[in-house]
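Open the structure in your viewer and keep the selection tool at hand. This short tour tells you what to select and what is there.

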Protein chains: 2
Amino acid sequence: MRRESRSLLPLEGLKVVELGHYIAAPFCTRLLADLGAEVIKVEPPGGDPFRGWGAQKDGHSVWFSVHGRNKLSVTLDLKSEEGKRRVTALCARADAVVENFRPGYLERIGLGPATLQAENPGLVVARISGYGQDGPYRDKPAFGAIGEAMGGLRHLTANPGQHEYPPPRCGVSISDDLAGMYAALAVVSACWGRDRGGGKGRVLDLDLVSSVFSLMEGMLTEHGLFGWVRQPQGAAIATAAPTNTYPCADGRWLCIAGNSDLIYARLMTMIGRSDLRDDPRMATNGGRCAHAPELDEAIAAWTRTLPAAEAQDLLEGAEVPCSRLYDIKDCAEDPHFQARHLVARVQDPLLGEVLHPAPPFRMDGVGPEEMIRWTGREAGADNDRVFHEILGEPRA
Amino acid sequence: MRRESRSLLPLEGLKVVELGHYIAAPFCTRLLADLGAEVIKVEPPGGDPFRGWGAQKDGHSVWFSVHGRNKLSVTLDLKSEEGKRRVTALCARADAVVENFRPGYLERIGLGPATLQAENPGLVVARISGYGQDGPYRDKPAFGAIGEAMGGLRHLTANPGQHEYPPPRCGVSISDDLAGMYAALAVVSACWGRDRGGGKGRVLDLDLVSSVFSLMEGMLTEHGLFGWVRQPQGAAIATAAPTNTYPCADGRWLCIAGNSDLIYARLMTMIGRSDLRDDPRMATNGGRCAHAPELDEAIAAWTRTLPAAEAQDLLEGAEVPCSRLYDIKDCAEDPHFQARHLVARVQDPLLGEVLHPAPPFRMDGVGPEEMIRWTGREAGADNDRVFHEILGEPRA
């Protein structure tokens, strides 16, 4: 962990202002900050309400240690004249501003893209919202769960024919995350194009629903050509067998991908079912798909006799791809995660030593832990530095 | 739809070579191509085996119409001298190359990053693999389902206490998609940093497991500080109520976020439960969380009497955020998707008129449909143009 930025990071020198709250815009700017950008997060005087979410220690948000890392924090009242003047000044020197207010809010308070770009024609303005800056739903409140539902993902995250329980959510804020990732890509792309020629900024319009919808593979095209409507497949894949998730003796689940001819043979040998291995009905993937329930039952009969970790070890010894469904403890303790430095130990001045997930980008010459320069700071921690050293306001 | 690239797209002029197959690397380069980059996809003489996946029409992959759009395709045998020479020449004029072979494969055939960067020191080499370029699991075969399981997501995509059915998969190739998105961001960032100073390329190492793991929010930090292990919450949220997904009369599900005080009151009025609205036990979110099963049963008793679309209309009229779980037909027909041009009608020379999901990036002056310049082409469709016009090889 280093406190100073390093020339080794690719976005060093990129200046970004965050007018963000909760997840989508702050996740976007955290990715940019992990890649080396200078990110100034503008928070209301009481701090981003996100800081009140989830576990707290000594009055400080645990998640914010990660979510706010590598950023500077200033507090401003955007409705005050001083707040508007400072935001305008920060945007005047920035490459990009990322915001996720409700559509129309920035315009209403006099900080719309046209105003900001009048001062800085090269400014890239990235806007993230639930449904986008136009269209009939633009004014609906944005909830991540609804983006996930409306974008088509929740319909698929289900076991077919199962009606006692609702389809579960993804378990993380997936629609906010996806929109934030796309926004980060769009921001850097717009900056690359601007710096290569023309020098003009852009206004970018990202939304949760279309970010989720973008992952629907060939489903829309199949629907248009054939009228097909993709239905959920649970833990299985309709076109490959055996591949599924199986119950183990310790109540945990084991995901097994045993669907190539060679892997199938090794899997059946391991579970003591050479009869099925040699069964001519099972010689091809097509035949195995036609008898997938029979194969799944045979595999589950074996996995039910073993704890998940033991079954996984045996199958890996037989070169059968598999993994139990890792919980966060499994991730933290896994030797591969350790070897790849995916679990970083960092000093947080507010929380003490904490674990951070490393950024998902490895690059030559930069260790993943070196990308974590500091942990999320208190709201307004950088007011003095930003207002006086960066904006050059005289000290009172 | 335009056949020629337009100066309006931000990555116009960025030259990318894809040595990719299946999903992760091709998804990365498709995002870059949608943003205007010139992407040359290098396929084996028989074509990317991905082309055989899923629905086919007239012998052509339907999904590939989307997955391969805006790219040029050339066919090369990477193990032949001619193939190696041409790949080297393509990389010598490129900004970036994106590959997703097994770790070590490119080095073994003499096309490793060191070789390619010796010809072009500015080349950005993005590598995507299941587990990364090092660490004890690097040689394991990469399956998307296993990345999803090992990265921590599948553990969370489940209904608590439910053991008859396995936790479902996300329903799409989420781990490949996430790695591809991160790779696209890392590539453009590395190019921006390179062009701003130094001119040196980089080698980027992305993997499915850490891309999924990066979305685990504050869980790792909470685990380190408190020993907590986040457990699945199904369709509910442990810290807010009522918010859940409810069964409707037509067998479909409706996601309702009714957990602010004001929305709660409107929701209870709509479903005819003013007794619960005025119940002092339910006056705060904390009280409602403590009685969430009682609230969920009251809401479900109402939703079960109505088809999902009708229940959604009634709740939206009462300003209660909700959405049924859209399937692809719902997406295709939704007026907001139409108004935002998220469902593009394009002419595919191989398939006829098809529907494409628009890129998830809207930007001023560029309609989403204008970002779809052409549909996925046949393997080798651009051999002549690329080898002779771009690489300048003499025609025989």
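## Stop one: an aspartate between chains

Select Asp205(A) and Arg340(B): their side chains make a polar contact at 2.7 Å. Keep in mind that this model is predicted.

Now color chain A by strand. Asp205(A) sits in strand S8, residues 203-207 of chain A.

Is Asp205(A) buried or exposed? Its relative accessible area is 9%. Buried means under 20%, so Asp205(A) is buried.

The side chain of Asp205(A) reaches the backbone nitrogen of Gln133(A) at 3.3 Å.

Then show what else Asp205(A) touches, leaving out residues up to four places away in sequence:

- In chain A: Arg127(A), Gly132(A) and Gln133(A).
- In chain B: Arg340(B), Pro360(B), Phe361(B) and Arg362(B).

Two packed helices are described by the angle between their axes and the distance between the axes.

Select residues 24-34 of chain B, helix H1, and residues 174-196 of chain B, helix H8. They pack at an angle of about 50°, and their axes are 8 Å apart. H1(B) and H8(B) are therefore oblique to each other. Their crossing is right-handed.

Which residues of H1(B) and H8(B) meet? Show these side by side:

- From H1(B): Ala24(B), Phe27(B), Cys28(B), Leu31(B) and Leu32(B).
- From H8(B): Asp176(B), Asp177(B), Gly180(B), Met181(B), Ala183(B), Ala184(B), Val187(B) and Val188(B).

Color this contact of H1(B) with H8(B) by class: ten residues are nonpolar, one is polar and two are charged.

Definitions and conventions:
Residues numbered from 1 in each chain as written. Chains lettered and ligands numbered in written order. Predicted model: local features only at pLDDT ≥ 70, side-chain atom pairs only at ≥ 80, totals over all residues. Heavy atoms only, no water. Axes fitted to C-alpha atoms, helices over the stretch in contact; angles between N-to-C directions. Helix = DSSP H or I, 4+ residues; strand = E, 2+ residues; numbered from the N terminus. Parallel < 35°, antiparallel > 145°, perpendicular 65-115°, else oblique. Left-handed = near helix turned anticlockwise from the far one by under 90°. Contact = heavy atoms within 4.5 Å. Nonpolar A, V, L, I, M, F, W, Y, C, P; charged D, E, K, R; others polar. Buried < 20%, exposed > 50% of the residue type's maximum accessible area, 1.4 Å probe, protein only. Polar contact = N/O pair within 3.5 Å; in protein donor to acceptor, adjacent residues only side chain to side chain.
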